[in-house]
2 protein chains.
Amino acid sequence: MAATIRDVARLAGVSASTVSRALSLPEMVNAATRARVAAAVEQLGYEPNRAARGLITGRTGTIGLVVPDLANPFFAGVAKGVQARARRHDVAVFVADTDEDPAAESGLVRALAKQVDGVVLCSPRGTDDELAAIAQDTTVVLVNRAAAGLPGINYDNEDGMRQAVAHLVALGHRRIAWVGGPASSWSTQHRGVGLRNAVQALHVELAPVGNFAPTYEGGMAAADQVVATGATAVIAYNDLVAIGLLARLHSRGISVPGDLSVVGVDDIAMSRMARPALTTVRMPKQEAGRLAVELLLSLLDDPDAAAAGTVPAAATYEDLHGELIVRDSTGPALGRPGA
Amino acid sequence: MAATIRDVARLAGVSASTVSRALSLPEMVNAATRARVAAAVEQLGYEPNRAARGLITGRTGTIGLVVPDLANPFFAGVAKGVQARARRHDVAVFVADTDEDPAAESGLVRALAKQVDGVVLCSPRGTDDELAAIAQDTTVVLVNRAAAGLPGINYDNEDGMRQAVAHLVALGHRRIAWVGGPASSWSTQHRGVGLRNAVQALHVELAPVGNFAPTYEGGMAAADQVVATGATAVIAYNDLVAIGLLARLHSRGISVPGDLSVVGVDDIAMSRMARPALTTVRMPKQEAGRLAVELLLSLLDDPDAAAAGTVPAAATYEDLHGELIVRDSTGPALGRPGA
DNA sequence: CTGAAAGCGCTAACAC
DNA sequence: GTGTTAGCGCTTTCAG
């Protein structure tokens, strides 16, 4: 049986309340007694029972993390960041995977909410209203999704797209295809906006080919439509899609980057291993997770602000900057129709 | 404020204990009162506070999962399985990532142990003694690692290697290189044994090229040594290594499978996307996670057995069967030296 | 600065 | 079948 606070108290010859204070408000207790308590704690290997503490303080020392799919390298990266930073704060992390099921999401989060101090929702698929409802129950920090009034960590998708377009234009491309992800996805929308702004500013053409699953298969499915646009370059929703494109283009004997340049987004590990290696916009995944934890914990420490939605502007959200990683899948535009 | 059991009791016109019973031992309470309680629960949206319950029952309804690296697709798969199955049992999962740091592992697990009913340790790097010490603190189930007396879920590595060798031999290969993973890795050792048995049984040669990091870079590093063995086929520790091999062989102008056949292990998503697509031994990742949860929960329900190490043999461990997935990276042996 | 007492929300004996 | 009582391990008034 683990030692309790009373065991420590008895051994140190003090009361339980003194032990409690010595541990949480050290200044409030005499240095000598504090030392005796410390010795007893050491000797017994005492660790306070967090459940018992939580019962009275109302804080569990636990946060929740909800992701659509742990097996997706992007989310795995975020989870790693969340987890590492939480540990630094001595906070435990409940992880839940919705399996890309938007219907399950809300219920899952509600269930989680009862057991944690707050939750990090990564790329939630729910509607803004659903998210708002969840935020009634518990403190929420969003990652990779903006919803009115909710604090979150986001990527500067517009700028990432600008970098990708600038790179392609510098290579001589004048017509760029765009393979969007799920229509409901917040990043699809923002990448689309960034793309339209960028092509307009640089006086080139954008050829959107619609919305596809954010997977390898989605890329395979999109490839032929991309070719049909006559574009000499294509930007894909993410690296998985870009790698799917690569595969199908290869089967069709279309050379990358000879005939078509391909750009992805995320810089998952696989991108380096693709052939040709994939040019991509690196989105700092772990960093997003770390920042989300910091933001969440700061909200928890200042519940008034969080409740009123009056989080200091600086802390409300943070736009993470993507970085273009140039690899072999992009090269100079050659004389294809539309070039 | 969330409703408490007393709010429900008041609303239903019964005592708190009756509510408690209606929820956990429904048979012990009159159908009529049970209905009244149910209605009150419904109306108030009551959910029992798990921390409070845990304080008295000694069970937290939470398990821990410790993995070396969440960003590794193999562990992500296991985590997904653990997480999904735990949810089915209404059990929450604390996830901790040791960041491949064996030194951090033990401390991390001990800290976790205080807050959970039991832990799943996936591919732990610690020594058998360290694991035994952890098992003193809490109920442990191992995944992908056998240690004396501890229950666990493992893969039948011997058989997986046998399948891979049989496949290669059928293709006419007579000399097979083996790129091992970390020497301390349990699976490296067992795959080595399986390999030696298989080549012996089939009267072909094995050419081990040493131990490499279980990564893409490890594969890159091993490639030239593999070529130097004169083997016509190579089996890599895992898919990441195999994909690294593929990359380096490609740079050197060595054709796969024309000059050399390559086999990986795990069947991570990336394998399908490699070029040529990678022949591999599929290790059921999520399945391992699910079984680990089932095993852990069954141990928790039968603490005597767990404590005494007298788990029924059938439940002690399970050997998961790998399945050879043949793709384009393996083909008939051609006339190379040693063939 | 320290101790006694109360109680967080819940379940488990024990009565009725 | 149901209510009463006690107490899980801890923190927090409130006295002193």
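Biologist: How far is a phosphate oxygen of DNA strand C from an N or O atom in the side chain of B:Tyr46?

Modeller: That distance is 2.6 Å; a polar contact here is a pair of N or O atoms within 3.5 Å, and within protein one must be able to donate a hydrogen and the other to accept it, with residues adjacent in sequence counting only if both atoms are side-chain atoms. Keep in mind that this is a predicted model, where local features need pLDDT of at least 70, side-chain atom pairs need 80 or more, and totals for chains, interfaces and linings use all residues. Residues are numbered from 1 along each chain as its sequence is written, chains are lettered from A and ligands numbered from 1 in the order written, and side-chain values use heavy atoms, without hydrogens or water.

Biologist: What about the side chain of A:Arg21, which part of DNA strand C does an N or O atom there sit 2.8 Å from?

Modeller: A base nitrogen. B:Arg6, on the other hand, has a side-chain N or O atom 3.4 Å from a phosphate oxygen.

Biologist: Which element gives the largest share of the surface near DNA strand C?

Modeller: H4(B), with five residues. Helices (H or I, at least four residues) and strands (E, at least two) are DSSP runs numbered from the N terminus.

Biologist: And which residues come nearest to DNA strand C?

Modeller: Of the 25 around it, A:Thr18, A:Thr33, B:Ile5, B:Tyr46 and B:Arg53; "near" needs a heavy atom within 4 Å. Sugar and phosphate make up 67% of the DNA strand C atoms that come within 4 Å of the protein.

Biologist: Switching topic: what is the strand order in the open sheet of chain B?

Modeller: The six strands run E7-E6-E8-E9-E10-E12, with mixed pairing. Two strands pair if DSSP finds at least two bridges between them. E7 (205–211) and E12 (323–325) of chain B are at the edges with a single partner strand each, so one side of each has no neighbour in the sheet. The twist averages 20° from one strand to the next.

Biologist: In which sense do E8 and E9 of chain B pair?

Modeller: Parallel, over three bridges, and B:Val234 stands opposite B:Val262.

Biologist: Last one, over in chain A: are the residues of strand E5 buried or exposed?

Modeller: A:Gly152 and A:Asn154 point one way, A:Ile153 and A:Tyr155 the other, and all are buried. Buried means under 20% relative accessible area, exposed over 50%, partly exposed in between (1.4 Å probe, protein chains only). E5(A) also pairs with E4 (residues 139–143) of chain A in the parallel sense, over two bridges.

Conventions: Axes fitted to C-alpha atoms, helices over the stretch in contact; angles between N-to-C directions.
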